[in-house]
Amino acid sequence: MRTTILITSPEEWTAPGSELFQFPPIIPGGPEWFTKPILIVLFSAVIAIALCWAAFAKPKIAPRGWQSIGEYAYTFVREQIARPSLGKDSDRWMGLLLTIFLTVLIWNLMGVVPFIQFPVAAHVNFAAVLAISVYVLKVYLGVRHHGVRGYLRGVVYLEGLPGWAYAIYAPLILAEVFLTSLFTHFIRLFANMFAGHLLVAFFSSVGFYFLFEQLTPLGAGLGLLGVAMTIVITAFEMFIMFLQAFLFAMLAAMYIASGLHGSH
């Protein structure tokens with residue numbers, strides 16, 4: 001739905017809406033799936049690979065430059081994301097968790113890169129694919145290490161819970177582990193990036209319109225307010241971009257740990 005605000009001019013200012021998330025094929029007459037978000041995803045993968053290659057291809061005892069940045073990122077993911085959930089198994093899964101963290105972070109930061117300005121995770125399909133991959137891995141690890149029956153028992157069992165209470169508790173925890181956890185994993189990321197992108201576009205369009213299309217004393221004030229809010233929200237959104245990458249990777253670590261340990 002598009003929202004319009006009437007002003008004192010014969011023209012109307014139309015707030016940005018769902019059209020921000022609809023993209024035509026990059027190549028006219030080419031594959032319909034090859035759109036701007038797909039190109040950003042490919043570009044993001046190249047960036048992530050290049051960063052890791054620059055940081056770890058030829059490591060030195062005294063890290064400098066890209067190696068320092070890479071080691072800081074690796075240490076952050078290991079200490080803040082992997083070890084709290086995976087403990088002694090952290091190093092085994094660091095490759096995957098570092099990849100997830102960097103991928104989501106780069107996807108998000110594309111929303112503030114000039115001429116790109118679209119956070120890929122604001123398109124629900126991309127966030128969902130990552131979350132589904134983690135979900136499949138969680139279930140696979142649980143069944144492989146504990147068997148179907150053992151895995152389900154580990155999920156449902158709660159020490160000290162009376163037998164009669166399982167009739168209420170078991171359906172709820174099974175639904176959480178095998179259904180809602182998947183959706184909350186990617187919807188949190190998607191919703192934050194979607195809303196943030198929409199807010200930045202809203203205030204930047206206000207600033208542009210009233211400074212360049214309706215330049216009056218009142219319009220100038222509204223335009224400057226729009227520009228100021230765009231700067232503030234963009235700065236806040238960059239923090240949210242990092243936070244969502246952290247939370248997405250942290251939940252991935254928790255889900256992997258639940259599969260390995262056979263419990264919720």
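Which residues touch the most other members of the largest nonpolar core?

Reply: Happy to. This is a predicted model, so local features need pLDDT of at least 70 and side-chain atom pairs count only at pLDDT 80 or more, while totals for chains, interfaces and linings use all residues. Residues are numbered from 1 along each chain as its sequence is written, and side-chain values use heavy atoms, with hydrogens and water left out.

The largest nonpolar core has 50 residues, and V77, I81, L86, W93, L97, F101 and I256 touch the most other members. A core here is a set of buried Ala, Val, Leu, Ile, Met, Phe, Trp, Tyr and Cys residues joined through side-chain atoms within 4.5 Å; buried means under 20% relative accessible area, exposed over 50%, and partly exposed in between (1.4 Å probe, protein chains only). At least two residues each come from helix 1, helix 2 (66-86), helix 3 (90-109), helix 4 (124-156), helix 5 (166-213) and helix 6 (217-261). Helices are DSSP runs of H or I with at least four residues, numbered from the N terminus. Helix 6 gives the largest share of the core, 13 residues.

Take V77 as an example: leaving aside residues up to four places away in sequence, V77 touches A82, M94, L97, L98 and F101, where contact means heavy atoms within 4.5 Å. Apart from this core lies another of eight residues, including Y151, V155, Y169 and I173. As background, nonpolar side chains tend to be buried together in soluble globular proteins.

R83 meets E79 at 2.9 Å, N to O; both lie in helix 2, four residues apart, about one turn of the helix. R78 also bridges to E79, with the closest N and O atoms 3.0 Å apart, so R78, E79 and R83 are linked in a network of salt bridges. R78 is partly exposed because its relative accessible area is 22%; E79, at 30%, also counts as partly exposed, and R83 does at 40%.

K88 and D89 form a further bridge, at 3.8 Å between the closest N and O atoms. Here K88 is exposed, with 79% relative accessible area, whereas D89 counts as buried at 18%.

Notes: Salt bridge = Lys/Arg side-chain N within 4 Å of Asp/Glu carboxyl O.
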